[in-house]
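Hello, and welcome to this structure.

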Amino acid sequence: MALNGTLKMDNTINNSTSMAAGAGGGVSGAPDDIDFNAIMQLMTSKYTTELVDRHVAAIRKVCKTCCNGFLLKHLEPMVDLLKMIVQRLSSGQHDFALAVCEITRVASQPFVSCKASDMITYGHFLPSFIKVLVSVLGYALPPDEQAVGAAAASEDLEERRILEEQRTMCERIRIEVAHTLACWSRFGLDEDSVELQPHQPLIQAVADSGTPNLRILRQSQVMDALSASFRSEDSPEAIVITLGAIRDMSLYRPLARQITNSGLISNLVHVIRVNLLGSDVLLVAAEVLWNVLELDWEGAAEALGQEEVVDCFRDFMDAVLSRGYRFKDKIFRNDMMVLLMYISKREENRPLFASTGLMALLLSHAVDESRRKALHESGVLNQLLGNQSSRPYAGFGGSNGNGGTGGGQSRTASVALTNSQEDMEFRMLLWGTLSRCCSSEECAQVAIQCGFVPSLLAVLDLQETPPEQRQWSTEQRRKVQLEALSSLFQLVQYVPDAFIEARGNSIVLQLLQGTRSREVQKKCLNLLQVAVPMGPQFAEELGQLGAVGLLIELFTDKDNPMSSRQLCASVLAGLCTQNAENRREFRKKDGVEAIRAEVLYRPDETTDNHLFYTLCVVDCVWCAVVGTRKNEVRFLDAGGLFALLDVLEVAPLLLKRQIIGCLADLMQYRKAAKLFVQWNSQVTMKGGLKILLELWQSEQDTSGSTGKDGVIRDLARPLNPQEFSPDPNEMLVGDGRPESRSSDGSMQSSRASMKIKQARSFGDLAAASTMSRSKTALITRGGTAAGAVSPAKGATVGKSEFGSSLVDRQDSRAKIYAVLRCIGFECQEALTIAERQQMELVKLYPTAAELETWIQVQVNLESRNLRPIAADMKWIEDSISERKNNASRVQGLQRKLADELRDEELAGLNRFYEDIRSRAQFRKASLGKDEGDGGLANSQGADDDGFSSGDGF
């Protein structure tokens, strides 16, 4: 979207915008006060109402007096006067046409303010003035074909002359009105007139806030009248000036929406068709469509998503690709591709690309020359294009015409693409649009038949360089490789078999190994990351090609950025998922030791997103190590389990859940379970059991299944009570039972939600893919590794109603149970009473999950008004009753422990007060003894004094 346009059409539009319209000009040369009442009386009096020539002369005198611009204070009477003039013109008094032109010409200049407050006082009349001025277009339309035909057939020369004069005068009115609108819309489109925010581009500021004139045009609703006039416009000069005005209006988002709603888009397409490869006016029409698609994509993309419109675009592209040799033709070609890119973003429009033949036409220019020639000689291209006749292949430069609509006349010819900037840009736009369209099954089939995927891979092949690439510079080749990789990133998801058949894995691996560009390397890794989950054949073939060793080498290279190493870990995880051969290769290439060295979480040591990096590392451990005994042995011998537990203590909640899922599967190995109980934190000296109980309590607090005394709230739903609203008083630590979590661990867990939200907003595609696979693994593998029962589906219904995120809805209690079941519920650590309460509920977890499942079955039956047979009903009720009894037993134990805790706290409080009282009594006794000793010393001193005085005498 360009602010000043891509090309100047001709001197007409330049002259029309050279004098900008606005409000608030200076008072220099201001006209004397005009008696508008006298003019209105002259036009309405019954004695002078027929003196049309005097009316027109009076109006022209007003315009001559205000030749430098109307006064703002005259706006209100000018609106009334203009309404009357338009009314007279609509009634057939064509003499007023000259007056309308004079008023319109003066209105194109800035309005003059005599006082600083004039804009505030009279500015609200400006939209009304513009609305009345534009309404004249409805009475100045070109004569219809019937009237022109009747005049041509008539032998009356006077009638012909009158019709020609009226046509000329109406055309002049339309030109003057378009000139005024062009001046109004152009005024203020510069950095000095638009208020810009810091680091805000001018084009963005205009789109969001507009200019004062654009806001006035929006309020006046000029677009409906302008579009109605534009539909029947036949004057080239008026078309050029009107397009210039519409182009500037389209820079403002509300006006862009009005352009869409007024149906003007179809007229712009018609302008392009009429002027195809001819006048430069088609570039302005394309620019307007570009602006509207960018600012009102939903409405404009829907309006352009019609079969006849897409068919027009096919003809445009056919003509410009076969006969567009000029520089301006290539500019137009690229603009058309930008429009098609915007149109293809709407999924409903993509099948039209295939049905109209546009997809095949674009693909015929996206593939190399040899493949295009083969498609034509085999007849596939003509069949896809819908050509009935088969013509000889014309190759490059089959036609050198400069006009016409194309329409399939020379679809076998082609203008050769060079290494110019315009042609390189066209390649990138073309590939991106075609790859996006392949999400439609129809377009994907056309792409397969035309060999689109092999053509893109040929650009990446380092061994066989196509002839047309030999003239490319290194930078051009790098940009083309990046765009080809981006297109293949989408295509491998839509047509994975075509990617495999074209040796895509081999070519991408060779490029990954041979490139020196970090960007190309990252794009290759992104492509592999999305390709691996497409099917087991990808992992098998990549493993045979040596991808595991190459990725481990890149992962261990510290010179690579963390984002690339993160992608390496993610791709390795995908390659090793359910692939024993790749896991074996991972072990042989020392991947176990390499991944073990990265099992840590130190976000303060780097500015990169360490959370996602550690998630990918843990995911790689889960997929490449866990489940293969030899890999597990090497991982444990390298201290991998202890490293996981170290990270578990300090990690955010998202990472904690990932690690626990990995541990749940790793604990199936007895050696790992024995090592688990030997671990102690280097920070708090806590064991692994206490860390898991802290996380269990965090999950309990989230679901609200236990009260502040640590006792189950709802026997029917021990894990996920319904309609739970947390009490703020219960969230306070120290009120009621003490929490078993450590202060540092709980604070880090509570702060994790904000960090997770910030991390998830990054929008990194690789990280998002890893997150998706990690979350799936947490749910599917973590809950079933040790035979644990997954929580009932109803467990998260209450939370999802509050719109919580997927991360918040995850429940790791099943994985915690799976870990504790493997290591044993008894431990050497001394548990507090609160931890013992939680442990009782952990032991109950399978029974509690089954109880909630049975109750949910019962609720579903009742909601559907279904009554099971008596035997089934008894089975359901007995199952619920049995499990409720178990829950009641645990509730009793928890209540007993709560009473014991309360007694201990009361005894401790009594000891505290008793100690205070004993200290007070001891101090009181000590003070009394000190006072007694002091009195005795004073009496002895008095006796000694008396004895001495006696002896003295």
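1. How many helices and strands does the chain have? There are 48 helices and 2 strands; helices (H or I, at least four residues) and strands (E, at least two) are DSSP runs, numbered from the N terminus. Please keep in mind that this is a predicted model, in which local features need pLDDT of at least 70 and side-chain atom pairs count only at pLDDT 80 or more, while totals for chains, interfaces and linings use all residues. Residues are numbered from 1 along each chain as its sequence is written, and side-chain values use heavy atoms, with hydrogens and water left out.

2. Some totals for the chain come next. Of its 953 residues, 51% are buried (buried is under 20% relative accessible area, exposed over 50%, partly exposed in between, with a 1.4 Å probe and protein chains only). Among contacts with a separation of 6 or more, 78% join residues 24 or more positions apart; contact here means heavy atoms within 4.5 Å.

3. Because 7 of its 10 residues are buried, H7 is largely enclosed by the rest of the structure. The buried residues are Leu 126, Pro 127, Phe 129, Ile 130, Val 132, Leu 133 and Val 134. What lies over them? The cover includes H4, H5, H6, helix H9 (157-186), H11 and helix H12 (222-231).

4. Now for the aromatic rings. The whole structure holds 12 aromatic pairs (rings of Phe, Tyr and Trp, the last by its six-membered ring, pair if their centres lie within 6.5 Å; planes under 30 degrees apart are stacked, over 60 edge-to-face, and the rest tilted). One of them joins Phe 70 and Phe 111 in a tilted arrangement, 6.3 Å centre to centre with 45° between the planes. This pair links distant parts of the chain, 41 residues apart: Phe 70 is in the loop between H3 and helix H4 (75-90), and Phe 111 is in the loop between helix H5 (96-107) and helix H6 (118-122). Both Phe 70 and Phe 111 are buried. Ring pairs also bring Phe 70 and Phe 111 into a cluster with Phe 129 and Trp 184, and Phe 129 is among the buried residues of H7 from the previous point.

5. Phe 499 and Phe 538 give a stacked example, 6.2 Å centre to centre with 25° between the planes. Phe 499 lies in helix H28 (residues 496-501) and Phe 538 in helix H31 (residues 536-544), so the pair ties together parts that are 39 residues apart in sequence. Phe 499 is buried at 2% relative accessible area, and Phe 538 is buried at 0%.

6. Helix H11 (residues 212-220) and helix H14 (residues 253-261) have axes that come within 9 Å and cross at roughly 35° (axes are lines fitted to C-alpha atoms, for helices over the stretch in contact, and angles run from 0 to 180 degrees between N-to-C directions). The contact is made by Leu 214, Leu 217 and Arg 218 of H11 and by Pro 254, Leu 255 and Gln 258 of H14.

7. Two residues other than glycine have a backbone angle to check. His 199 has a positive phi of about 60° and lies in the loop between H9 and helix H10 (202-209), where His 199 is exposed at 83% relative accessibility. Gln 221 has a positive phi of about 55°; this residue lies in the loop between H11 and H12 and is partly exposed, with a relative accessible area of 42%. For background, most residues other than glycine have a negative phi.

8. Finally, Gln 891 is found in helix H48 (residues 870-952) and is buried at 10% relative accessibility. Which residues does Gln 891 contact, leaving aside its neighbours within four places in sequence? They are Val 711, Ile 712 and Leu 715.
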